[in-house]
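Me: I would like to learn how to read the features of a protein model one at a time. Please give me the general idea for each feature, and then the case at hand.

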Amino acid sequence: MKFMKLGSRPDTFYTAEAVRSVSSEVSSDLIIQVKGSRYLLHKFPLLSKCLRLQKLCAESPESSLHQIVQLPDFPGGLEAFELCAKFCYGITITLSAHNIVSARCAAEYLQMTEDVEKGNLIYKLEVFFSSCILHGWRDTIVTLQSTKAFPWSEELGITSKCIEVIASKVLIHPSKVNLSHSHSRRLKDDISCNGADSQRHKQATRGWWAEDVAELNIDLYWRTMIAIKSHGKVPSNLIGDALKVYASKWLPSISRNDFVDASDSDSDKANELSAKHRLLLESLISLLPAEKGSASCSFLLKLLKAANILSASHASKMELARRVGVQLEEAMVIDLLIPSLSYTTQMVYDVDIVMTIIEHFMLQWQSPPTSPPRSRIGFERRRSRSAENIDFELQESRRSSSASHSSKLKVAKLVDRYLQEVARDVNLPLSKFTSIAESVPEFARLDHDDLYKAIDIYLKAHPDMGKSERKRLCRILDCKKLSVEACMHAAQNELLPLRVVVQVLFFEQARATMAGSKVAELPSNIKALLAAHNIDPSKPPAPLSTTTSVQADDQQSISGLKSPKSKLSTLQMKLAEDDYLNENDMHPDGMSRPSKFKAFCSLPTRPKRIFSKLWFTNRSIMEKN
């Protein structure tokens, strides 16, 4: 760090009875009061260099011994005044990046200009500032940070000069920047033994400035980053990395419980701290580059989580949700678990903001491509394009379509795993669960295993759900997309509606038959259920009955299944009766819904043969045993 010494005399200032004075053979004739402190000094050395003191002494009446001058609004305080006074006496003073701002503001206040005396303090400070301070990276950072305590620094141009110098140096390699000794040594530690730069060193040197700039307070940091971005030469991903460094340094690692505890312990202090963090957060959001991928999805979601806890503005939350939605395929489930601080609901997580994120993700792929207006000139231009350009555009279009499809597949997996986490919340409404599940297009789910697991968790967390709610929940499940393991679990899941269990069994048996493999044996609980009703699965099925009655409770779970699978007509009648009863069921929006299983009641002969084959195979196995 650079420093400059002025003067050659030793320090002769001393304190006596709460008064600061200077040792001299000449009696003092001037009393200066600075913010409650008194200085017993001499007119000649001070007035010869300070035009303001000359004017004040000329205006104030003289007493018999001392003339009194008041300086109540002196910038920089006692240290800055004493530094200027020592300069007037020729006493040695040391200037550096830590005190140059206060000294410059004090000298400006006292009007220590060249018009009063050649080589005055203002001139010397300006030379040191421009030739030394602004040439050193670390000195410039320290000087800029110290300007926040001195409003005069803005008028003197110190703040703007420091910001401009920092913005111009961020693209320079650190080896060409006058860094401090400690910073230069830290960068050298990343160089490999053979003298070549390691990969880690190359990555670090690109954003070498981020940690130093992060020491600034948010106002100065915001102005500095605006200046860096205005140059248009710093890549957007480096801007995003720098914002992440600043956020990790100044934004606390707060949780919902920590926030509540702080509020309860000291409400005023907590509110003040929250307001400070909220301003910092919203400032960082405004600095995010517009380019996709400039900030990682994980970082954006952490900002969104902090925005929720700190009650940031709605506009800030929506901006973060939009940015996250654009790159949602990069997110992780743990980052999407955003705490809910709403006083109207008791939900653990904020599922509404996640729904908004998913909507933004889907919107980016739904925007229709814009086509130019047709004109004769445009037509001729299109005809004159080479075949290579057309092929290139087709390849780009296919690549974009492929990326869109791949992203949707990743997001579908992400959404299903997110549902598994939020399904444990006993206060999560069914409508919100199904809305999130249905926000993903059907083709994006290659299988429904994760979705089934989420439904199973939701059913266990909400044991008091009614029959219609269970059916509405399971309507989003496609049994044809369940794996064998998921089908085995679903077939024995007593929480599922009966029609879902029947559908699972039917599609599993149909899949096994169409594949030409051996039909699996019935689950043990199904066998026990059939035996309880005196039905022997090893014998041919009895003639189909059309008078089988089914109790209401039997329609809700697998434990109520009274007929073997081969009695297809009985199941058809039962499901038809269920559909008839459901015809009067209404959606929340007031519209009736058609049954999804009407087609099941009019199955062709092919499925009947499948069920017959199932029982025939079971009987053959039993006879061989």
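This is a predicted model: local features need pLDDT of at least 70, side-chain atom pairs count only at pLDDT 80 or more; totals for chains, interfaces and linings use all residues.

Reply: A helix here is a DSSP run of H or I at least four residues long, numbered from the N terminus.

Me: Which residues of helix 12 are buried, and what do they pack against?

Reply: An α-helix has 3.6 residues a turn, so residues three or four places apart point the same way. The buried residues in helix 12 are Ile218, Leu220, Tyr221, Thr224, Met225, Ala227 and Ile228. They pack against helix 6 (137-146), helix 8 (158-169), helix 11 (210-213), helix 13 (236-250) and helix 15 (267-287). As for its length, helix 12 (residues 218-231) has 14 residues and reaches 20 Å from its first C-alpha to its last, close to the 20 Å expected at 1.5 Å a residue.

Me: At what angle do the axes of helix 13 and helix 15 cross, and which residues make the contact?

Reply: Two packed helices are described by the angle between their axes and the distance between the axes. The axes of helix 13 and helix 15 cross at roughly 175° and come within 10 Å, and these two helices are therefore roughly antiparallel to each other. On the side of helix 13 the contact is made by Ile239, Leu243, Tyr246, Ala247 and Trp250, and on the side of helix 15 by His277, Leu280, Leu284 and Leu287. By class, the residues of this contact divide into eight nonpolar, one polar and no charged.

Me: How far apart are the axes of helix 22 and helix 23, and at what angle do they pack?

Reply: Helix 22 (residues 430-438) packs with helix 23 (residues 449-461) at an angle of about 175°, and their axes are 12 Å apart. That angle makes helix 22 roughly antiparallel to helix 23. Leu430, Phe433 and Ala437 of helix 22 make the contact with Leu451, Ala454, Ile455 and Tyr458 of helix 23. The classes in this contact are seven nonpolar, no polar and no charged residues.

Me: Is isoleucine 32 buried or exposed, and which residues does isoleucine 32 touch?

Reply: Isoleucine 32 lies in strand 4 and is buried, with a relative accessible area of 0%. Leaving out residues up to four places away in sequence, isoleucine 32 touches Ser37, Arg38, Tyr39, Leu41, Leu46, Leu53, Val69, Leu71 and Phe81. Aspartate 29, by comparison, has its place in the loop between strand 3 (19-22) and strand 4 and is partly exposed, with a relative accessible area of 28%. Under that sequence limit, aspartate 29 touches Leu41, His42, Lys43, Leu65, His66 and Gln67. The C-alpha atoms of aspartate 29 and leucine 65 are separated by 6.2 Å, although the residues are 36 residues apart along the chain.

Me: How many disulfides does a search of the whole structure find, and how far from cysteine 50 is the nearest cysteine sulfur?

Reply: A disulfide is a covalent bond between the sulfur atoms of two cysteines. The search of the whole structure finds zero disulfides. Cysteine 50 is in no disulfide, and the nearest cysteine sulfur, that of cysteine 88, is 3.9 Å away, whereas the cut-off for a disulfide is within 2.5 Å. Cysteine 50 is buried, with a relative accessible area of 1%, and cysteine 297 is buried too, with a relative accessible area of 2%.

Conventions. Residues are numbered from 1 along each chain as its sequence is written. Side-chain values use heavy atoms; hydrogens and water are left out. Buried means under 20% relative accessible area, exposed over 50%, partly exposed in between (1.4 Å probe, protein chains only). Axes are lines fitted to C-alpha atoms, for helices over the stretch in contact, and angles run from 0 to 180 degrees between N-to-C directions. Angles under 35 degrees count as roughly parallel, over 145 as roughly antiparallel, 65 to 115 as roughly perpendicular and the rest as oblique. Contact means heavy atoms within 4.5 Å. Ala, Val, Leu, Ile, Met, Phe, Trp, Tyr, Cys and Pro count as nonpolar, Asp, Glu, Lys and Arg as charged, and the others, Gly among them, as polar. The expected span of a helix is 1.5 Å times one less than its number of residues.
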